[in-house]
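Subject: Structure handover

Hello,

Please open it first, then read the notes below.

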Amino acid sequence: MSSDEWSAAEDEGQLSRLRRKSRDSPFVPVGVAGFVAVLSYGLYKLKSRREEKMSLRLIHVRVAAQGCAVGAVTLGVLYSMYKDYIRPRFFSVPRK
């Protein structure tokens, strides 16, 4: 088998892939969890919307959930920049 061919034995499972990605970018699972939590809470509170239109309530919930995910991605980028550029420059830590 040449090195260009794909093998099912070489393919990692979804759980191991999620673990690896979580180690590489720890803020991604935080963003996903925050997104799900905000979305779940918003849908749970949907029945107590009083006079507010449902479409407006759903827009607010969606924007809050997206804001949580974007905030986590932003924190991840800032952490990555710190780890790759700032920490090695000031603390003489070797790159991995």
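**Findings**

G31 sits in helix α2. Helices (H or I, at least four residues) and strands (E, at least two) are DSSP runs, numbered from the N terminus. G31 is buried, at 5% relative accessibility. Buried means under 20% relative accessible area, exposed means over 50%, and partly exposed is in between (1.4 Å probe, protein chains only).

Before more detail, two notes on the basis. This is a predicted model, in which local features need pLDDT of at least 70 and side-chain atom pairs count only at pLDDT 80 or more, while totals for chains, interfaces and linings use all residues. Residues are numbered from 1 along each chain as its sequence is written, and side-chain values use heavy atoms, with hydrogens and water left out.

**Around G31**

Leaving aside neighbours within four places in sequence, G31 contacts A69 and A72. Contact means heavy atoms within 4.5 Å. The C-alpha atoms of G31 and A65 are 9.2 Å apart. Along the chain, G31 and A65 are separated by 34 residues.

**Overall layout**

The chain has three helices and zero strands. From the N terminus on, the order is α-α-α. Of the 96 residues, 9% are buried. Among contacts with a separation of 6 or more, 49% join residues 24 or more positions apart.

**Annotated spans**

The unreviewed UniProt entry lists residues 27-44 and 64-82 under "transmembrane region". UniProt positions are given in the numbering used here, feature names are shortened, and annotations may be inferred rather than shown by experiment. In the model, residues 27-44 are 100% helix and 0% strand, with end C-alpha atoms 25 Å apart. Residues 64-82 are also 100% helix and 0% strand. Their end C-alpha atoms lie 27 Å apart.

**The aromatic pair**

A search of the whole structure finds one aromatic pair. F27 and Y79 form this pair, and it is edge-to-face. The ring centres are 6.0 Å apart, with 65 degrees between the planes. Rings of Phe, Tyr and Trp (its six-membered ring) pair if their centres lie within 6.5 Å; planes under 30 degrees apart count as stacked, over 60 as edge-to-face and the rest as tilted. The pair links distant parts of the chain, 52 residues apart. F27 belongs to helix α2 (residues 27-44) and Y79 to helix α3 (residues 54-91). F27 is partly exposed, at 26% relative accessible area. Y79 is partly exposed too, at 34%.

**The nonpolar patch**

Y79 is also one of the residues in a nonpolar surface patch of about 1,100 Å². Other members include V73, L75, Y82, I86 and F91. Like charges are joined within 9 Å, nonpolar side chains (Val, Leu, Ile, Met, Phe, Trp, Tyr) within 5 Å.

Y82 lies in helix α3. Y82 is partly exposed, at 33%. Not counting residues up to four places away in sequence, Y82 touches R87, P88 and F91. I86 is in helix α3 and is partly exposed, at 40%.

The chain exposes about 8,300 Å², with 61% of that from carbon and sulfur atoms. Accessible areas come from the Shrake-Rupley method with a 1.4 Å probe; for residues, only the protein chains shown count as cover.

Best wishes

Note on methods:
Patches are made of residues with over 30% relative accessible area and no salt bridge: like charges are joined within 9 Å, nonpolar side chains (Val, Leu, Ile, Met, Phe, Trp, Tyr) within 5 Å. A salt bridge is a side-chain nitrogen of Lys or Arg within 4 Å of a carboxyl oxygen of Asp or Glu.
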